[in-house]
Amino acid sequence: DDIAAMIVGKLTGMTEKKGTGIVKHYTENLEAYNLYLQARFFLNKRTEKGLRKGIAFCEQALNLDAHYALAYAGLADGFILLGFQGFVPPNESVPKAKEAAEKALALNKDLSEAHASLACILAVYDRHWGKSEKQFECAIELNPNSVTAHHWYAIWRLLPQGRFESCLSELRKAQALDPLSLVLNTGIGWQHYFAKEYDQAIATLQTVLETDKDFIFARDILGQAYAQKGMLAEAIVEIEKAVNLSHRRTLSLGALGHLFAAAGRSDDAKNTLSELLGLSKQSYVSAYDLALIYTGLGELDPAFQYLEKAYFDARQYGWSKKPFVEIYIPSTVDDTLAPPGKHVASLFCQHFNKDLPDNKSWDDVREEVADMIIDTVTQYAPNFRASVIARMILSPLDLERKLALVGGDIFH
């Protein structure tokens, strides 16, 4: 019976083996299942074209079977990867990914793939590490042989926190289940890279590229590993290949511009920066990609100019028209600070004088200035204003009154 269940599951994907029988149905529609298989194939390419084709195949599968939970999980993964690869803004892709994962779980609360998708969102985008851990544990418990659950737990949960040994252990478990996976084996190279084991990273990624010389993900990380060893010429060769293979993906262009700058090829770096700025007028370009090149060129003046203007605005008007804002979101590491699904954010802003011109009082302008601060943040995080459901304002005058900080200045 166990063997029969396994064979049926492998051939049709319509069933799940649990115990000794066929107890759950994913879909009764064979065409929908075939579309799902095609979706997974294209999602694993990790290119923009592949990801969009994968999403389209999942949507076609759902048109045939609107209750196909596995297709919703695939849809979630597609949107997660579109955002992570920098092809669309995260504030566009993540809500769609979360909606798809939650629909999958509403249809089948025991679907390992959907728990893994939701766990990834909680870790990478929401920074709810505790909740992410629980979701990954649930995914692995539901299906200990899930390659994706082990893989994503390693890459999205363990690796960002520097838990390198645990990360590699999970990746090895996944590799034992799917030894030929390009994405998975590249992930092992990525783990070595972050653990500063650059020689091992290079050897692992070269092995991947022997299997498929056009696998962009491996080219990108191989180039970065060379760069960390000071092998800039080799790094540039690899990243240029990634740029061309990906049809000039912005994430790869940012890395290439940074390498040009590091290698003293400032004209090439500036040309790459100009290309990215031009692309940003037509489509989404992450600020991270631009920042990579600016920092490589050592062009930090725009940031310093911004800070200087904020200071002189405060001297002239009493507060900065474009303030310097530091944001802390403590509920991302301690979810007891806010109700489920909500967060607490603390905005520390500069520069603001206690004494305002024209005999104005902070009691009269506090709401106006708070609106200006929120608008400033919203320029960089477009959904921020709409997300604020309540606020507490502490002006320099409040800090002096309540905390006895002279002039409302914390730096004494």
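This briefing looks at charged side chains and their partners. The model is predicted: local features need pLDDT of at least 70, side-chain atom pairs count only at pLDDT 80 or more, and totals for chains, interfaces and linings use all residues. Residues are numbered from 1 along each chain as its sequence is written, and side-chain values use heavy atoms, leaving out hydrogens and water.

**Salt bridges**

- The structure holds 23 salt bridges. A salt bridge is a side-chain nitrogen of Lys or Arg within 4 Å of a carboxyl oxygen of Asp or Glu.
- E133 and R163 form one, at 3.7 Å from N to O. E133 sits in helix α7 and R163 in the loop between α8 and α9, so the pair ties together parts 30 residues apart in sequence. Helices are DSSP runs (H or I, at least four residues), numbered from the N terminus.
- E133 is buried at 13% relative accessible area, while R163 is partly exposed at 30%. Buried means under 20% relative accessible area, exposed over 50%, and partly exposed in between (1.4 Å probe, protein chains only).
- D220 pairs with R249, with the closest N and O atoms 1.9 Å apart. D220 is buried at 6%, and R249 is buried at 7%.

**A buried charge without a salt bridge**

- D65 lies in the loop between α3 and α4. D65 is buried but has no salt bridge; K103, the nearest side chain of opposite charge, is 13 Å away. Lys and Arg count as positive, Asp and Glu as negative; His and the chain ends are not counted.

Terms used: Helix = DSSP H or I, 4+ residues; strand = E, 2+ residues; numbered from the N terminus.
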